[in-house]
Amino acid sequence: MLRQTFFHIPGIGRTTERLLWEHGCHDWETLLSRLDSVPMPETAKALAPAILEHSIRAVECQEHQFFAKPLGLNEAWRAWPEFRERCVYLDIETDGGFEGDSVTMVGLYDKDGFRALVRDVDLHLFPDIITHYSMIVTFFGSGFDLPMLQKRFWGMEFDQIHLDLCPTFKRVGVRGGLKKIERALGIARGEETDGLTGLDAIKLWREYQEGSAKALQVLVDYNREDVVNLEKLAGIAYRMLRDVTVPFAMRT
């Protein structure tokens, strides 16, 4: 879908993008070869060659920064297939507070597996680890997880493409919290963590602080299911938005 995206060219909105699709321009290379014959604003036509050529190189080199700002939260879903190999599914846990030092755990899931970074153990490694990714997938991360992490690691900036599944699902009429959406889409949890909520995560952390190693393990398992399920949900959200955005013949 990213290679079929043109609205990151100044002067092209979604209406013009759809018009270009209707004229057979289904990818960047095709538009480059037809610039003289397709309906486009003159400003966009002048800027298009450089932007399209840069777009092609950026995907080949995994230069996510080129797309992060133009796509924004609304259209980040378009980049998921192209950047999936360097994507991380992220979720944090807290002790119930809203300051930086309230973060107790960061769960990270990628193509190589799951890792939990725990406060006072290895949470301090997060700023370095996150730089290895091109895309971050969260659920309401734009409103909670990433701002909390920026409080915890003062001055830290995220330059990755950010796919926030909470507003993304709302665009296709799927509403509710993470657990509700999982159930609605047929995604099950394990017996140990089924039914647990954010409040339980806070209680588990307190129990761990009081000496319960088992509480920490349950918290880690809870967090693992959150981030592992984010990958499944990302795939579903991508297909749903693709199907309502592009003509059937163009779907990839």
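This note goes through aromatic pairs, charges over rings, nonpolar cores and a few selected residues.

1. **Basis.** This is a predicted model: local features need pLDDT of at least 70, side-chain atom pairs count only at pLDDT 80 or more, and totals for chains, interfaces and linings use all residues. Residues are numbered from 1 along each chain as its sequence is written, and side-chain values use heavy atoms, with hydrogens and water left out.

2. **Aromatic pairs.** The whole structure holds nine aromatic pairs. A pair needs rings of Phe, Tyr or Trp (its six-membered ring) with centres within 6.5 Å; planes under 30 degrees apart are stacked, over 60 edge-to-face, and the rest tilted. F67 and F83 are edge-to-face, because their planes stand at 65 degrees, with ring centres 6.1 Å apart. This pair links distant parts of the chain: F67 is in helix 4 (residues 65-75) and F83 in helix 5 (residues 80-83), 16 residues apart. Helices (H or I, at least four residues) and strands (E, at least two) are DSSP runs, numbered from the N terminus. Ring pairs also join W28, F66, F67 and F83 into a cluster.

3. **Burial of the rings.** Buried means under 20% relative accessible area, exposed over 50%, and partly exposed in between (1.4 Å probe, protein chains only). Both F67 and F83 are buried. W205 and Y208 form a tilted pair, 5.1 Å centre to centre with 55 degrees between the planes. Both lie in helix 10 (residues 198-209), three residues apart, about one turn of the helix. W205 is buried at 2% relative accessibility, while Y208 is partly exposed at 24%.

4. **Charges over rings.** The charged end of R14 sits over the ring of F7, 4.4 Å from its centre. For R152 over F153, the distance to the ring centre is 4.6 Å. The criterion is NZ of Lys or CZ of Arg within 6 Å of the ring centre and within 35 degrees of the ring normal.

5. **Helix 4.** Its buried residues are F66, F67, A68, L71 and E75. Seen down the helix axis, they fall within an arc of 130 degrees, so they line one face of helix 4. The arc is taken over directions from the helix axis to the C-beta atoms. These residues pack against helix 1 (14-22), helix 2 (28-33), helix 3 (42-60), helix 5 and strand 5. Contact here means heavy atoms within 4.5 Å.

6. **Nonpolar cores.** A core is a set of buried Ala, Val, Leu, Ile, Met, Phe, Trp, Tyr and Cys residues joined through side-chain atoms within 4.5 Å. The largest has 54 residues, of which L31, F67 and L165 touch the most other members. Helix 11 (residues 213-245) gives the largest share of this core, eight residues. Apart from it lies another core of 19 residues, including V103, V106, F126 and M148.

7. **H162.** This residue lies in strand 5 (residues 161-164). H162 is buried, with a relative accessible area of 13%. Its side chain makes a polar contact of 2.8 Å with that of T138. Such a contact is a pair of N or O atoms within 3.5 Å; within protein, one must be able to donate a hydrogen and the other to accept it, and residues adjacent in sequence count only if both atoms are side-chain atoms.

8. **L20.** L20 is in helix 1 and is buried at 0% relative accessibility. Leaving out residues up to four places away in sequence, L20 touches F6, I12, C25, L31, V38, P39 and M40.
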